[in-house]
Amino acid sequence: MGNIDEQSNRSHGFTPLLLLLLHAGLLVASFSGVFAKFAALEEWLSLPFFLYYGMDLVCMFVYAVIWQQVLKRMPLSVAYSNRPVSLVWGLIWGYLLFQEEVTWNKLLGAAVIFIGITIMVTNGDNDE
């Protein structure tokens, strides 16, 4: 029975390893914003600016490769419904690294995005 459950999970894109890979990619993508913000804090065209901006591009490249590999094995609707996790990471990095305040407006905005994406990716499920 373990094989049937495992095959069923694979066909729906919910294997634990695949979800872990997806969320690792989303974590890498969240670091892109961190490096972009660090670059913005540096003097224009300085060495630290280029290093941070380069790391931003590396993060986006790694994320793009992971995203494409995930999409080969998981439905787009499932993968895309997990993307708002990046908002949570962004709030966490802003608070921890840049001492940004987590306000009710930011939390409400994140919730609206979560709800909007959930509605969009589940919209066609009941049309059958």
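**Before you start.** The model is predicted, so local features need pLDDT of at least 70 and side-chain atom pairs count only at pLDDT 80 or more, while totals for chains, interfaces and linings use all residues. Residues are numbered from 1 along each chain as its sequence is written, and side-chain values use heavy atoms, leaving out hydrogens and water.

**Stop 1: the whole chain.** Show everything as a cartoon. You will find six helices and zero strands (DSSP runs, numbered from the N terminus: H or I of at least four residues for helices, E of at least two for strands). Of the 128 residues, 24% count as buried (under 20% relative accessible area with a 1.4 Å probe, protein chains only; exposed is over 50%, and partly exposed lies in between).

**Stop 2: helices 2 and 3.** Select residues 16-40 for helix 2 and residues 47-73 for helix 3. Their axes are 8 Å apart, and they pack at an angle of about 160° (axes are lines fitted to C-alpha atoms over the stretch in contact, and angles run from 0 to 180 degrees between N-to-C directions). The two helices are therefore roughly antiparallel, a label for angles over 145 degrees. Their contact involves 22 nonpolar, two polar and two charged residues (Ala, Val, Leu, Ile, Met, Phe, Trp, Tyr, Cys and Pro are nonpolar; Asp, Glu, Lys and Arg are charged; the others, Gly among them, are polar).

**Stop 3: the largest nonpolar core.** Now pick out Leu18, Leu22, Leu26, Ala29, Tyr63, Ile66, Trp67, Val70, Met74, Val78 and Ala79, the eleven residues of this core. Such a core is a set of buried Ala, Val, Leu, Ile, Met, Phe, Trp, Tyr and Cys residues joined through side-chain atoms within 4.5 Å. At least two of its residues come from each of helix 2, helix 3 and helix 4 (76-81).

**Stop 4: Asn82.** Step into the loop between helix 4 and helix 5 to find Asn82. Is Asn82 buried or exposed? Asn82 is buried, at a relative accessible area of 16%. Beyond its neighbours within four places in sequence, Asn82 is in contact with Leu22, His23 and Leu26 (heavy atoms within 4.5 Å).

**Stop 5: helices 5 and 6.** Finish with residues 85-98 and residues 104-122, which pack at about 165° with axes 9 Å apart. Helix 5 and helix 6 are therefore roughly antiparallel. To see the contact, select Val85, Leu87, Val88 and Leu91 of helix 5 with Lys106, Leu107, Ala110, Ile113 and Phe114 of helix 6. By class, eight of these residues are nonpolar, none is polar and one is charged.

Technical notes: Parallel < 35°, antiparallel > 145°, perpendicular 65-115°, else oblique.
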